[in-house]
Amino acid sequence: MLSATNFSQQLQFESNAVDDSMDEGGAAPHAKKMMWSIEFEKVSKSFGSHQVLVDLDLQVRPGEKVTLIGPSGSGKTTVLRLAMTLAKPTRGDIRIFGESILFDADKKGLSAAQESRIRRRCGMVFQQYNLFPHLTVLQNLILAPTTVLRQSKAQAVESAMVYLRMVGLQDKARSYPAQLSGGQQQRIAIARALVMKPEILLLDEITSALDPELAGEVLDVVRRVAHESRVSLLIVTHEMRFAREVSDRIAVFDRGSIIEQGVPEKIFTQPENERTRTFLQSVLDH
Amino acid sequence: MTWDWAFVIKILPALGIGVWYTVVVTAAASVIALGLGLALAIMESVSKTYGRAFVLFWLELFRGVPSLVLLYFCFYVLPQLGVTVPAIPIGIVVLGVVYAAYCSEVYRGSLITIQGELRDACVALHLRSYTKWRRILVPLMAQRAAPALLNYVLSLFRETAVLFAIGVPVLMGEANDIGYEHFRYLEPYTLAGAIYLAMNLPFLYVLSRFKDKHA
Ligand SMILES: Nc1ncnc2c1ncn2[C@@H]1O[C@H](COP(=O)(O)OP(=O)(O)OP(=O)(O)O)[C@@H](O)[C@H]1O
Ligand SMILES: [Mg+2]
């Protein structure tokens, strides 16, 4: 039986691997600059004539936990979708550990293989879990490791079981998603993202489809990931208490740009921006 | 005209051969229809340009022209162009290709019902396009399309009767030959109808199982 300590060791080990690759210098073209795990540079995004993001600059340090908050429609989901290459920015650049996920050194578009290699350091968990309904929990967890990372099935199963234990669902390996509660499905979705050993994990309102008590068990899992691993987290949430507890930094979004950012203490107790105050009042009243 | 049981017993073996050919032609044409239909649906979804245009052309062509016309064209016109193919392969391919058009519509319909969110999950897990289709989209499409596809296999089975027109000894062909030979049509056609009906039953059973399951 692997225990919680083994899990943290495993993640600790991964984060060492990250540091090693950064020390190699020549590994990435921008290695000499400060290495952000993910970096948005003057990113704009429009859908038709509707401009959703306006010259967004946002940097996340390796291991840093950053939470985006802000009113509905302010562009938070769009930021995560751009990072995951689920959508393309209209202007600007996005870099993962110094490498653009949009262009090569000559500013030309990336091939599918190049793009896949770079963004592989990034994983995402969605609001609606998005588990594959025709696959068992275990099959959901080993599909990407066996096909993308080319692990042997035995290896993938072993690693999947470690993460299933971590989310407390080792006895559900053979269940299908429809046989699980929403909270359990979301914990499986988190485990499915983690088996790919991402260095950046994007979480988009992962509890907003859940009843409060189920949300709690999912948030517990994220707390553990946040405290025991050195993965960078970019979180979108409406759970202000959770955001305050787990984040190193909070960025407040309004109409497609960051109007204020800082440590949770500051944002929640002494917000500078008038609209931040209004927004926090409206969500904390509920 | 009275029902002649002795005649019935005499013609049963020939009708049996008709049943055999009907089953073989249905099975072979279904494999083509289901496989090719899937390939067309995937091609239409993956390609934005020529592939899609080709698929749309295919659909219009084979849903627009009656299968009898296609059968006669292949059977009578192709030999004049120097291509002679035996009747059975012609029958199998024509029905397979025509029903591939219908099946691809069904597959495309079920592909639309697969939420974009699952495709997003494939991207977030970095699955290659091949893995995405092979392990996620095709199994889900097939699962959701199964009842409608089975309906088309059932129509295909009934439509094998037209192959008698080019001399394939399907059940209808055998019944026709017997009637022609003995100048007695009551027993052969009645039996043929009854046998077609009876052969429907397994399909209907499976379909009802699907409906129960999804009710
Ligand atoms: N695919 C799309 N096509 C057109 N408009 C879109 C699309 N995706 C998002 N938008 C628009 O972009 C804006 C920002 O959406 P986004 O989902 O990023 O907001 P959000 O901050 O995540 O909001 P919420 O808190 O409600 O989830 C919204 O006005 C939305 O309608
Ligand atoms: Mg959102």
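Figure 1. At 3% relative accessibility, B:His126 counts as buried, because buried means under 20% relative accessible area. The model shown in this and the following views is predicted. B:His126 belongs to the loop that runs between α5 (116-124) and α6 (129-159) of chain B. A polar atom of the B:His126 side chain lies 2.9 Å from the backbone oxygen of A:Cys122. Leaving aside residues up to four places away in sequence, B:His126 touches A:Met84, A:Arg119, A:Arg120, A:Cys122, A:Val148 and A:Met196.

Figure 2. In soluble globular proteins, nonpolar side chains tend to be buried together. In this predicted model, the largest nonpolar core has 87 residues. The residues with the most contacts inside this core are A:Phe40, A:Leu68, A:Phe132, A:Leu202, A:Leu234, B:Leu127 and B:Ile136. Helix α4 (residues 87-113) of chain B contributes the largest share of this core, 14 residues. Another core, of 40 residues, lies apart from the largest one, and includes A:Tyr129, A:Val221, A:Val231 and A:Leu233.

**Figure 3. The surroundings of B:Ile136.** B:Ile136 is one of the residues with the most contacts inside the largest nonpolar core. In chain A, B:Ile136 touches A:Phe132, A:His134, A:Leu135 and A:Leu143. In chain B, B:Ile136 touches B:Cys122, B:Leu127 and B:Thr131, where residues up to four places away in sequence are not counted. Among these neighbours, A:Phe132 and B:Leu127 are also listed with the most contacts inside the core.

**Figure 4. The largest pocket, lined by parts of chains A and B.** The volume of the largest pocket is about 480 Å³. Of the 20 residues that line this pocket, the closest to its centre are A:Arg119, B:Val123, B:Leu127, B:Ser129 and B:Lys132. At least two lining residues come from each of α3 (112-119) of chain A and α1 (5-46), α5 and α6 of chain B. With five residues, α3(A) gives the most to the lining. By class, the lining has eight nonpolar, five polar and seven charged residues.

Figure 5. Rolling a probe the size of a water molecule over the atoms shows where empty space is left. From chain A, its lining takes A:Gly123, A:Met124, A:Val125, A:Phe126, A:Tyr129, A:Ala189, A:Arg192, A:Ala193 and A:Met196. From chain B, the lining takes B:Ala121, B:Ala124 and B:Leu125. The lining divides into 10 nonpolar residues, one polar and one charged.

Figure 6. Chain A itself has 10 helices and 10 strands, and 55% of its 286 residues are buried.

Definitions and conventions
Residues are numbered from 1 along each chain as its sequence is written. Chains are lettered from A and ligands numbered from 1 in the order in which they are written. This is a predicted model: local features need pLDDT of at least 70, side-chain atom pairs count only at pLDDT 80 or more; totals for chains, interfaces and linings use all residues. Side-chain values use heavy atoms; hydrogens and water are left out. Helices (H or I, at least four residues) and strands (E, at least two) are DSSP runs, numbered from the N terminus. Buried means under 20% relative accessible area, exposed over 50%, partly exposed in between (1.4 Å probe, protein chains only). A polar contact is a pair of N or O atoms within 3.5 Å; within protein, one must be able to donate a hydrogen and the other to accept it, and residues adjacent in sequence count only if both atoms are side-chain atoms. Contact means heavy atoms within 4.5 Å. A nonpolar core is a set of buried Ala, Val, Leu, Ile, Met, Phe, Trp, Tyr and Cys residues joined through side-chain atoms within 4.5 Å. On a 1 Å grid over the protein atoms alone, a cavity is a set of points where a 1.4 Å probe fits but cannot get out, and a pocket is an open set with protein on both sides within 12 Å along at least five of seven lines; lining residues have an atom within 4 Å of a point. Grid points are joined across faces, edges and corners, and a volume is the space filled by probe spheres set on the points. Ala, Val, Leu, Ile, Met, Phe, Trp, Tyr, Cys and Pro count as nonpolar, Asp, Glu, Lys and Arg as charged, and the others, Gly among them, as polar.
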